[in-house]
Amino acid sequence: MQISHIGSNVTFSVAASGGASLNYQWFLDGRAITNNSRINGATGPALNISNLQMSDMGAYAVVVSNAFGSVISSSSTLTVISPPFVAGQFTTNVTVGAGTDITLTVPVQGTPPLSCYWNFNGVNLAGQTNTALSLINVQPDISGSYLL
């Protein structure tokens, strides 16, 4: 198991020997990895991942092969640690008519378990600890500023 922070770099490597030229293919959760702007070495003995993202978490393994056969390594699990962060767009400045039902959502990611609290005009809303806040039968007295 390897634990690294979001934005850091990590390297997985394997040592292998065989009677002929060796080929390598790295896998993440059973899917073949390809090189890209952050990943280098997907078909070599060392896999380098830069600027770790939450999507990089999972089980890494490598298949080593030559003309005589192949072998797969045991897997190594990568856990990426991240503070909570807003991971996308969310609606701001919503105007609705009285009696309307509305759900406010904020796409939050980070290392679980995450805790969040909805706040209305500077006061925490009791029991509202999900990333979505449903307001039923909206009335003028609940107009104001909602924060997560």
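Throughout this passage, a contact means that heavy atoms lie within 4.5 Å. The structure is a predicted model, in which local features need pLDDT of at least 70 and side-chain atom pairs count only at pLDDT 80 or more, whereas totals for chains, interfaces and linings use all residues. Residues are numbered from 1 along each chain as its sequence is written, and side-chain values use heavy atoms, with hydrogens and water left out.

By this contact rule, and not counting residues up to four places away in sequence, S4 touches V10, L52, L78, T79, V80 and I81. S4 lies in strand β1, which covers residues 2-5; strands (E, at least two residues) and helices (H or I, at least four) are DSSP runs numbered from the N terminus. With a relative accessible area of 9%, S4 is classed as buried, a term for values under 20%, with exposed for those over 50% and partly exposed in between (1.4 Å probe, protein chains only).

A nonpolar core is defined as a set of buried Ala, Val, Leu, Ile, Met, Phe, Trp, Tyr and Cys residues joined through side-chain atoms within 4.5 Å. The largest such core has 17 residues, and those with the most contacts inside it are F12, I33, L47, I49, Y60 and L78. At least two residues of this core are supplied by each of β2 (10-13), β3 (23-28), β6 (46-49), β7 (58-66) and β9 (76-81). A second, separate core comprises nine residues, including L104, V106, W118 and F120. Residues touched by I33, not counting those up to four places away in sequence, are Q25, W26, F27, L28, I39, A42, L47 and Y60.

One salt bridge is counted under the criterion of a side-chain nitrogen of Lys or Arg within 4 Å of a carboxyl oxygen of Asp or Glu. The side chains of R38 and D56 form this pair, at 2.9 Å from N to O. The bridge links distant parts of the chain, 18 residues apart, with R38 in the loop between β4 (31-32) and β5 (39-40) and D56 in the loop between β6 and β7. D56 is buried, its relative accessible area being 4%.

The largest pocket is lined by 32 residues, of which T91, V94, L104, W118 and Y146 lie nearest its centre.

Notes
1 Å grid on protein atoms, 1.4 Å probe; cavity = no way out; pocket = protein on both sides within 12 Å on 5 of 7 lines; lining within 4 Å.
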